[in-house]
Amino acid sequence: MSHNSEFFHPELETLTRDQIHTLQTERLQKTVAHCMNSAFYRERFRQAGLKASDIRTLDDLRRIPFTTKQDLRDTYPFGLRSVGLEDCVRLHSSSGTTGNPTVILHSKRDLEQWAQAVARCLWMVGCRPDDVFQNSSGYGMFTGGLGFQYGAELLGMLTVPAAAGNTLRQIKFFTDFGTTVLHAIPSYAARIYEVMCEHGIDPRRDTKLRTLVIGAEPHSEDTRRRIEDMLGVKAYNSFGMSEMCGPGVAFECKEQNGMHIWEDYYIVEIVDPDTLEPVPDGEVGELVLTTINREAMPLLRYRTRDLTRILPGECPCGRHHLRLDRMKGRSDDMMILKGVNIFPIQIEQVLMQFKELASDYLITLDSRDNGDFMRVEVEMQNVNLDDYQSLKQLEKSIAQRLHDEILITPEVKLVPKNSLPKAEGKAVRVKDLRKQY
Ligand code: AMP
Ligand code: ZN
């Protein structure tokens with residue numbers, strides 16, 4: 001395949017809004033008809049008094065009941081599929097904290113289409129066949145491994161499937177293989193930089209890194225800028241989830257102004273998580289996705305639990321696919337303290353504005369006699385921790401700024417670099433001790 005343009009799939013990436021709607025209508029009708037091969041959706045439609053042929057337009061989509069993570073659990077492992085198991089060639093599973101894990105099945109065509117979507121995303125941020133792509137995701141059930149692997153190979157890059165962990169080895173691969181593009185979760189990208197510093201390696205001088213793909217966990221704009229400054233790269237936000245295959249759902253273009261969601265694969269709705277009604281244009285709500293380019297296990301109106309909004313306006317890059325704002329978190333991440341709703345990302349946004357602070361922090365919610373409280377422990381950059389007076393002063397001003405943002409004054413505790421626990425995969429940012437009994 002030869003691609004000479006800025007686009008990997010020029011005809012699909014540059015569809016006009018009208019063309020997107022026509023394609024979506026056609027694919028929605030096809031998907032709904034296909035879903036009638038699934039015992040689950042047949043029963044859902046019967047209960048709702050709906051026939052597949054009732055869904056003719058994009059507006060009709062709203063007549064279909066939502067599909068939830070609980071539905072995936074209840075039908076574990078294979079109950080939601082729309083094809084026979086003999087037509088499935090892979091499954092990915094994500095383990096929940098409670099109950100059954102969820103399983104997503106893929107046919108050969110699904111895997112091909114997934115790889116096409118990932119290749120499209122990587123091409124969009126400037127990856128080309130002469131790049132060397134290193135993936136620091138866990139391979140296996142986590143979709144960030146194989147998902148990026150097949151997309152990067154389809155694009156034609158030399159791939160380094162380094163997998164998770166062993167940071168020194170990752171860094172050796174950068175220098176030995178001339179890695180130019182790295183996929184890492186944001187907390188790990190910061191960790192890689194720290195280890196480089198400890199070993200006297202300067203990413204600008206000693207590596208060819210120039211592009212970073214960061215995703216899988218919420219992070220603020222300041223965190224992105226920090227990672228870019230540390231490693232001397234451009235970092236692009238990548239959004240995906242195993243229920244929608246994995247990576248390749250929505251991705252920033254070079255403009256870095258929101259993530260284009262591929263509307264030839266997904267129909268996007270943003271709903272109020274309580275009323276389940278659509279929110280007014282541009283407002284934050286729960287992202288609901290319908291897969292319209294999937295064979296083994298299409299999902300209709302899947303409630304992702306992720307909170308975001310559709311950015312208004314046109315992107316100068318020439319793609320008309322909608323852009324999602326940075327994820328605000330998941331509705332299940334929301335903390336309620338003294339009746340106030342707080343998202344971890346609000347705290348991160350404040351912390352990352354203080355240059356004295358490093359990237360890692362931990363929010364603890366706990367109770368004592370006079371009620372619930374929040375403690376925010378945050379690692380310092382290499383600052384003198386012995387100067388008690390100025391430490392206390394800094395803690396105080398952080399607490400004040402946090403109060404401005406979340407209307408609660410947490411206890412702020414500055415801790416030495418690398419003293420907070422590090423997770424293997426996605427960072428753990430919140431510990432709620434109130435729930436332990
Ligand atoms: P998993 O299915 O284990 O890959 O997890 C998917 C979840 O990770 C999504 O539903 C989001 O909550 C989160 N996630 C993935 N990508 C991003 C991103 N770029 N920003 C924020 N959260 C993300
Ligand atoms: Zn764009």
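User: How many Å is an oxygen atom of ligand 1 from an N or O atom in the side chain of Lys 426?

Analyst: This is a predicted model, and distances should be read with that in mind. A polar contact is a pair of N or O atoms within 3.5 Å. Here an oxygen atom of ligand 1 lies 3.0 Å from an N or O atom in the Lys 426 side chain. Asp 306 has a side-chain N or O atom 2.5 Å from an oxygen atom of the ligand. On its own, ligand 1 has 500 Å² of accessible area, of which the protein covers 88%.

User: Which residues come nearest to ligand 1, and which strand gives the largest share of the shell?

Analyst: There are 16 residues around ligand 1, and those that come nearest are Asn 237, Ser 238, Ser 242, Asp 306 and Arg 330. Strand S7, residues 234-239, provides the largest share of the shell, three residues. Sorted by class, the shell has six nonpolar, five polar and five charged residues.

User: How many aromatic pairs does a search of the whole structure find?

Analyst: Ring pairs are read from the distance between centres and the angle between planes. The search finds five aromatic pairs. Phe 8 is in the segment before helix H1 (10-13) and Trp 123 is in helix H5 (residues 108-124), so the pair links parts of the chain 115 residues apart.

User: Are Phe 8 and Trp 123 buried or exposed?

Analyst: Buried means under 20% relative accessible area. Phe 8 is at 1%, so it counts as buried, and Trp 123, at 3%, is buried too.

User: Which rings have an arginine over the face?

Analyst: Such a case is read from the distance between the charged end and the ring centre, together with the direction of the ring normal. Arg 301 lies over the face of Phe 66, 4.1 Å from the ring centre. Over the ring of Phe 373 sits the charged end of Arg 368, at 3.8 Å from the centre.

User: What about the backbone: where is a cis peptide bond, and which residues have a positive phi?

Analyst: Tyr 76 and Pro 77 are joined by a cis peptide bond with omega of about -5°. Pro 77 belongs to the loop between helix H4 (69-74) and strand S1 (88-94). Ala 163, not a glycine, has a positive phi of about 70°. Cys 245, also a residue other than glycine, has phi near 85°; it is in the loop between S7 and strand S8 (250-252) and is buried at 6% relative accessibility.

How values were computed:
Residues are numbered from 1 along each chain as its sequence is written. Chains are lettered from A and ligands numbered from 1 in the order in which they are written. This is a predicted model: local features need pLDDT of at least 70, side-chain atom pairs count only at pLDDT 80 or more; totals for chains, interfaces and linings use all residues. Side-chain values use heavy atoms; hydrogens and water are left out. A residue is near a molecule or strand if one of its heavy atoms lies within 4 Å of it. A polar contact is a pair of N or O atoms within 3.5 Å; within protein, one must be able to donate a hydrogen and the other to accept it, and residues adjacent in sequence count only if both atoms are side-chain atoms. Accessible areas come from the Shrake-Rupley method with a 1.4 Å probe; for residues, only the protein chains shown count as cover. Helices (H or I, at least four residues) and strands (E, at least two) are DSSP runs, numbered from the N terminus. Ala, Val, Leu, Ile, Met, Phe, Trp, Tyr, Cys and Pro count as nonpolar, Asp, Glu, Lys and Arg as charged, and the others, Gly among them, as polar. Rings of Phe, Tyr and Trp (its six-membered ring) pair if their centres lie within 6.5 Å; planes under 30 degrees apart count as stacked, over 60 as edge-to-face and the rest as tilted. Buried means under 20% relative accessible area, exposed over 50%, partly exposed in between (1.4 Å probe, protein chains only). A charge sits over a ring if NZ of Lys or CZ of Arg is within 6 Å of the ring centre and within 35 degrees of the ring normal.
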